[in-house]
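Here is a quick tour for someone meeting this chain for the first time. Have a look at the fold, then read on.

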Amino acid sequence: MRETPRSQGTAGDTGSEHPQHRPGRAIAHTTGASGSGTPHRSDGRSPQTPRGARQTDHGGRPGTTPPVPGRPAPLLFLLPLLLAVFALLTWQVVADGPLRRLDERIGRSVVGHGPGRLTEFLADLGNMQVALPVLGCAVVYALARGARRLPLCAALVMAAVPALVVPLKDWTARTGPLTEETGYYPSGHAATAAVAYGAAALLIAYRTTPAERSKRSWMMPVAAVLLTVATGIGLVLRGYHWPLDVLGSWFLSGLLLLPLGLSRRSRRRSSSRTHRC
C-alpha cells in the first residue's frame with residue numbers, strides 16, 4: 001500500500017491507514033508517492049514557494065517574492081576612486097608637487113624615443129578627424145540595432161570632453177615638454193581617444209546575440225583600451241604632452257564613460273527581463 005499524507009491531528013492520534021513519516025524528513029517541498037502529486041504536508045496544502053517558481057535577482061541567485069532589489073552596480077564603486085585619483089593628479093600639477101617633478105623628469109627622458117613615424121601615427125589616433133568617425137560609425141551601428149537612448153548618451157559624453165578639458169587647461173596653465181606655452185593638462189587628444197573608442201566599444205556591444213556577446217564582451221573593451229593606451233604613448237614619446245597630462249585625461253574620461261556604461265547595463269537588464277517575460 002502506498003504511503004498517503006497524514007491528516008491533521010494531535011500527537012496521540014493513531015491509525016494504521018495514516019503511517020507517520022520518518023523523523024527528519026523534509027515536508028515542505030517533498031512530493032508524495034509516485035504519481036500522487038500530493039506534497040507531504042500535514043494540511044495537504046501546496047508548498048508556499050515552489051523552487052521552480054522562485055524569482056531570481058539580477059545575479060541569478062534565488063530571491064524572494066516579490067524580488068528584492070539587486071546589489072548596487074559594481075561600476076558605481078568606481079566613481080569615488082576615479083574622482084579621487086583625478087583630483088590628486090590635478091592638485092599635484094597645480095601645486096607643483098613631487099609627483100609633477102617626477103613626471104617631468106620621466107617625460108624629458110623619453111621624448112624622442114621610438115620610430116618617429118610610428119609615434120606620430122599613434123599620437124594622431126587622438127585627433128578629432130580620426131576618433132570622431134569611429135564613434136560615428138558605432139552610433140550608426142547601434143541605431144541600426146534598435147538603440148535609441150544609448151547613442152544619444154554617447155554623443156553627449158563626447159561633447160562633454162571639450163566642455164571640461166578646455167576650462168581645466170586654462171585653470172592649470174601647465175607648460176608643455178617642448179614649449180613654454182600653457183594649456184597642456186589634461187590632454188585633449190588623450191581624452192578624445194579614450195571617450196570616443198570607449199563609447200564605440202559600448203555601442204557596438206549593444207543587443208548582441210549570446211554567441212556574439214561571448215566574443216564582443218572582451219574584444220571591444222580590449223580594442224578600446226589598446227587604442228587609448230597607444231594614443232597616450234604616442235603623445236608622450238612625441239613630446240606633445242607630459243605623462244601626467246595623459247594619465248589625468250584617462251581618469252577624467254573614466255568619469256565621463258561611467259554613466260554611459262551604467263545606462264547600457266540598465267538597458268541590457270530591462271531587455272533581458274522583457275525576453276524572459
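A residue counts as buried under 20% relative accessible area, exposed over 50% and partly exposed in between (1.4 Å probe, protein chains only). On that scale, buried residues make up 33% of the chain's 277 residues. Keep in mind that this is a predicted model, where local features need pLDDT of at least 70, side-chain atom pairs count only at pLDDT 80 or more, and totals for chains, interfaces and linings use all residues. Residues are numbered from 1 along each chain as its sequence is written, and side-chain values use heavy atoms, with hydrogens and water left out.

The chain has eight helices and zero strands. Helices (H or I, at least four residues) and strands (E, at least two) are DSSP runs, numbered from the N terminus.

Let's start with α5. At 1.5 Å a residue, its 24 residues should span 34 Å, and its end C-alpha atoms are 35 Å apart, which agrees. (The expected span is 1.5 Å times one less than the number of residues.) Among the buried residues of α5 are Val157, Val161, Val165 and Leu168. Just after α5 comes Ala173, with a positive phi of about 50°.

How do α4 and α5 pack? Helix α4 (residues 128-144) meets α5 at an angle of about 160°, with the axes 9 Å apart. Axes are lines fitted to C-alpha atoms, for helices over the stretch in contact, and angles run from 0 to 180 degrees between N-to-C directions. That makes α4 roughly antiparallel to α5, a label for angles over 145 degrees. Contact means heavy atoms within 4.5 Å, and here Leu132, Leu135, Val139, Ala142 and Leu143 of α4 meet Pro151, Ala154 and Met158 of α5.

Now for the one aromatic pair in the structure. Phe86 and Tyr185 are stacked; rings of Phe, Tyr and Trp (its six-membered ring) pair if their centres lie within 6.5 Å, and planes under 30 degrees apart count as stacked. Phe86 lies in α1 (residues 78-94) and Tyr185 in the loop between α5 (149-172) and α6 (188-204), so the pair ties together parts 99 residues apart in sequence. Both residues are buried.

Leu178 sits in that loop between α5 and α6 too. Leu178 is exposed, with a relative accessible area of 60%. Leaving aside neighbours within four places in sequence, Leu178 is in contact with Val111, Arg238 and Gly239.

Here are two residue pairs with their distances.

| Pair | Distance |
|---|---|
| Phe86 and Tyr185 | 6.5 Å, centre to centre |
| Leu178 and Tyr240 | 7.4 Å, C-alpha to C-alpha |

Notes. Phe/Tyr/Trp six-rings, centres within 6.5 Å; stacked < 30°, edge-to-face > 60°. Parallel < 35°, antiparallel > 145°, perpendicular 65-115°, else oblique.
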